[in-house]
Amino acid sequence: MAMKLFDAHCHLQDQRVVDKASLLIHIANAAGVVYIAVDGITEKDWHLVKEMSDEYDSVIPNFGLHPWYVEGKSRSWFDTLKELIEANPSAAVGEIGLDKSPLAKGVDFGEQVEVLKKQLQLAKGLKRPASVHCLDAFPELLQIMKEIGPFPAGVILHSFQGSPEVVPQLTKLGSYFSFSGHLMPLKEDKARKIVKAVPLDRILLETDAPDALPTNPIFFVPGNATLNQPANVHSVCLLPLFYFKSIEFSKE
């Protein structure tokens, strides 16, 4: 495939695929995926992300404390995170964020907010991008970003499925909007409105592998056809092309 792509967010350190990470990186590189952002989610997996980035030039390390895991953090979590980001010039801060959906049931939201603020301040202070998870909490995220931002190095709204109405305000604060296979199960009209609300120069693509397997996958993880891999960013690439075609050709 001649097209060169960047997978803006995935988790090759996930226990479901970590033993195949080397193979999946090689498959992605051979398919024209020149860079792969691998996002850590807890202190326990940051070392795996660093090891991958040390071994493969195509891996961009991201280190962060995911909102689902804020209650399990150690006393030294922030110092460790800061040291990792400072020691790795290409590293971004992520995956971080807020989650009020049922997926985060039982996780204290106040603690999520506190942890997110510290990590966004770190990203801004070190002039690094941040990769942000947000489910059912965009009003709160927007308020926090207004308090701390703007973010010249950028904030990536990972697997974005937010309301089109929040896009202009988030864009002003330095946000980019990353789409993944999670968008594909949505009703076409809803998905179209979300994608068309985002300026073309603010769109990013991701796989969120090993999750979010596209409905039109090109590649399958050996031994488990239900899992996703970075090479499938080629499948995700078709999403904005499809949803923007009415703009490009019918001049709506």
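Let's start at Ala137, which sits in the loop between β5 (130-135) and α5 (138-148); helices (H or I, at least four residues) and strands (E, at least two) are DSSP runs, numbered from the N terminus. This is a predicted model, in which local features need pLDDT of at least 70 and side-chain atom pairs count only at pLDDT 80 or more, while totals for chains, interfaces and linings use all residues. Residues are numbered from 1 along each chain as its sequence is written, and side-chain values use heavy atoms, with hydrogens and water left out.

Ala137 has a relative accessible area of 0%, so this residue counts as buried; buried means under 20% relative accessible area, exposed over 50% and partly exposed in between (1.4 Å probe, protein chains only). Setting aside neighbours within four places in sequence, Ala137 is in contact with Leu98, Lys100 and Phe109, where contact means heavy atoms within 4.5 Å. Pro185 is 48 residues from Ala137 along the chain, and their C-alpha atoms are separated by 21 Å.

Now follow the chain to strand β7 (residues 175-179), where four of the five residues are buried. Strand β6 (residues 155-157) runs parallel to β7, and three bridges join the two; strands pair if DSSP finds at least two bridges between them. Here Val155 stands opposite Ser175. Together with helix α6 (residues 167-172), β6 and β7 form a right-handed β-α-β unit: with the strands pointing away from the viewer, the path from the first strand over the helix to the second runs clockwise.

Strand β8 (residues 203-205) is also parallel to β7, joined by three bridges, and Leu204 in β8 is the bridge partner of Ser178.
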